[in-house]
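My plan is to go from the overall fold to single residues.

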Amino acid sequence: FAQDAYTAEDDFWKIFSWLGEKTRMSRYLKEIPNEKGLAFGDDVIEVLEDGTTRKLGVFNEEWLEKRAADLVKNNVPNYAYVSDFVKGLRKYPVGNFVSFPAEIMRTSTNIVETALNEIKFSIKLPSGAIVQPFKTIGKQRLRGMALTTAVVPASIATGAAMLYDVSKDEIEALRRYVPKWSKNSTLVPIRNKDGKLSYVDFSR
């Protein structure tokens with residue numbers, strides 16, 4: 001039952017993400033500022049960097065659904081895409097819980113790549129105008145990624161330092177004794193009832 005519940009919850013958020021991506025793409029392709037956007041049945045014609053064009057399909061529900069599905073597949077963690085090598089690491093003592101970090105690395109790279117592609121993605125409208133409909137989406141995606149990878153960890157570390165009354169000098173002293181792979185990590189300090197200091201390597 002627990003596994004079925006976890007799977008159902010995981011699927012729910014994938015479906016939620018898919019609906020969100022689909023709705024957002026549809027809106028930005030239809031409602032282009034100062035231009036008449038695409039209507040269902042129009043060709044989606046991408047303008048490449050060298051000025052040439054290529055047809056990506058016909059703008060309709062099926063096109064939106066497939067593109068949204070590709071985004072969710074590439075940008076949302078999915079253990080079905082974990083490689084056999086990573087799965088094999090589970091057999092070793094150092095291989096506990098390896099699927100999640102592997103998926104985070106895969107999707108983090110894909111999210112940045114997706115955002116950059118969205119920013120430079122250009123199409124030719126039926127009117128002949130060339131526009132970048134997903135530029136705003138790409139910038140939002142990059143901002144979200146920056147917030148997740150930079151601002152949130154730093155905020156957690158600062159909050160923990162305030163909560164446990166840990167000074168900057170103590171953090172620097174802690175860094176002198178952590179393993180070399182944690183020297184430049186975001187360290188979340190924790191102080192126990194006896195006043196002894198420990199940490200969580202948030203970066204790892």
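This is a predicted model: local features need pLDDT of at least 70, side-chain atom pairs count only at pLDDT 80 or more; totals for chains, interfaces and linings use all residues.

Terms before anything else: I take helices (H or I, at least four residues) and strands (E, at least two) as DSSP runs, numbered from the N terminus. With that, I place Y81 in the loop between α2 (61–75) and α3 (84–88).

Ground rules. Residues are numbered from 1 along each chain as its sequence is written, and side-chain values use heavy atoms, with hydrogens and water left out.

**Entry: overall fold**

I looked up the secondary structure and found six helices and six strands. From the N terminus the order is α-β-β-α-α-α-β-β-α-α-β-β. The radius of gyration is 23 Å, well over the 17 Å that the globule rule gives for 204 residues, so the chain is more spread out than a compact globule. That radius is taken over C-alpha atoms, and the rule is 2.2 Å times the number of residues to the power 0.38. Along its principal axes the C-alpha trace spans about 70 × 40 × 30 Å.

Next I checked burial (buried is under 20% relative accessible area, exposed over 50%, partly exposed in between; 1.4 Å probe, protein chains only). Of the 204 residues, 30% count as buried. I then turned to contacts (heavy atoms within 4.5 Å). Of those with a separation of 6 or more, 50% come from residues 24 or more positions apart.

**Entry: aromatic pairs**

I searched for rings of Phe, Tyr and Trp (its six-membered ring) that pair, with centres within 6.5 Å; planes under 30 degrees apart count as stacked, over 60 as edge-to-face and the rest as tilted. The whole structure gives six aromatic pairs. F59 and W63 make an edge-to-face pair, 6.2 Å centre to centre with 75° between the planes. Both F59 and W63 are buried. F121 and F134 are stacked, at 5.3 Å centre to centre and 10° between the planes. F121 lies in the loop between α4 (99–120) and β3 (123–124), and F134 in the loop between β4 (130–131) and α5 (135–163), so this pair ties together parts that are 13 residues apart in sequence. F121 is buried at 6% relative accessibility. F134 is buried at 1%. I also noted one aromatic cluster formed by F12, W13 and F16.

T114 sits in helix α4 and is buried, at 14% relative accessibility. What does T114 touch, not counting residues up to four places away in sequence? I find L71, N75 and R141.

Back to Y81, which is partly exposed at 40% relative accessibility. Leaving aside neighbours within four places in sequence, Y81 is in contact with K73, E103 and R106.

**Entry: positive phi**

Which phi does N34 have? Its value is near 65°, positive in a residue other than glycine. N34 is in the loop between α1 (2–30) and β1 (43–47) and is exposed, at 81% relative accessibility. D165, also not a glycine, has a positive phi near 55°. D165 lies in the loop between α5 and α6 (168–175) and is exposed, with a relative accessible area of 62%.
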